[in-house]
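Let's take a walk through a protein model together.

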Amino acid sequence: YQPPDDTDRRRSQARSRMGRHTGRIALLIADTNVGALRTALSGRLLHGMDAPLHEAGLVLTLTRLPRPEEMPASLDRRHTDGVIVRSPAHTPPWLVRGLHALPHVWLFESAGADDGADRIVPDNGAVGRMAAEWLLARGRRLGLVLTRPDHPELSVRAAEFSAAVHAAGGE
């Protein structure tokens, strides 16, 4: 979790919006491809978020971008109290602007959405090291990592994976 630097500004904004409680939190899958909703990760995200929100008396709704550069109609203060954004690898500026009026949290967004909102990001180095440790603990000494060169988070995971395998005498 990476809190924003401007906590005082955000608190005053939140106080000014009090009284508009819908009880709904939206999970925005910020992708126009409907296939993004069918991934195992999307299903796990829904299950992981729904239970604590339900316990707090909130309802989780799922939405996606209907078309490029178009925000869903449901992402309006009259319909939604806040948004959890599952962002693409490279967040477009129009999406950042479109979310400005709603409290929101970026999920897995490490760069590109520098709008002062909270962020929840994985420790990519730890993910790579843990994967290597898991394989090494099972006697594996040879590893191969396939990744995309345009995805900086995956590159960090691959580098840490390789470093851990090499440090343990593997290749």
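Predicted model: local features only at pLDDT ≥ 70, side-chain atom pairs only at ≥ 80, totals over all residues.

Residues are numbered from 1 along each chain as its sequence is written, and side-chain values use heavy atoms, with hydrogens and water left out.

The protein has 5 helices and 5 strands (DSSP runs numbered from the N terminus, with H or I over at least four residues for helices and E over at least two for strands). Of the 171 residues in the protein, 33% are buried; buried means under 20% relative accessible area, exposed means over 50%, and partly exposed is in between, using a 1.4 Å probe and protein chains only. The protein exposes about 10,600 Å², with carbon and sulfur atoms supplying 55% of that (areas by the Shrake-Rupley method with a 1.4 Å probe; for residues, only the protein chains shown count as cover). Take the contacts (heavy atoms within 4.5 Å) with a separation of 6 or more: 62% of them are between residues 24 or more positions apart.

Now find Thr-63 in strand S2, residues 59-64. Is Thr-63 buried or exposed? Its relative accessibility is 14%, so Thr-63 counts as buried. Setting aside neighbours within four places in sequence, Thr-63 touches Leu-27, Leu-28, Ile-29, Pro-72, Ser-74 and Leu-75.

Move on to the loop between S2 and strand S3 (82-86), where Glu-69 lies. Glu-69 counts as exposed because its relative accessibility is 61%. Glu-69 is not a glycine, yet has a positive phi of about 65 degrees.

Finally, look at helix H4 (residues 124-137) and helix H5 (residues 152-167), whose axes come within 7 Å and cross at roughly 40 degrees. Axes here are lines fitted to C-alpha atoms, for helices over the stretch in contact, and angles run from 0 to 180 degrees between N-to-C directions. H4 and H5 are therefore oblique to each other; under 35 degrees would be roughly parallel, over 145 roughly antiparallel, 65 to 115 roughly perpendicular, and the rest is oblique. Residues making the contact include Leu-135 and Leu-136 of H4 and Phe-161 of H5.
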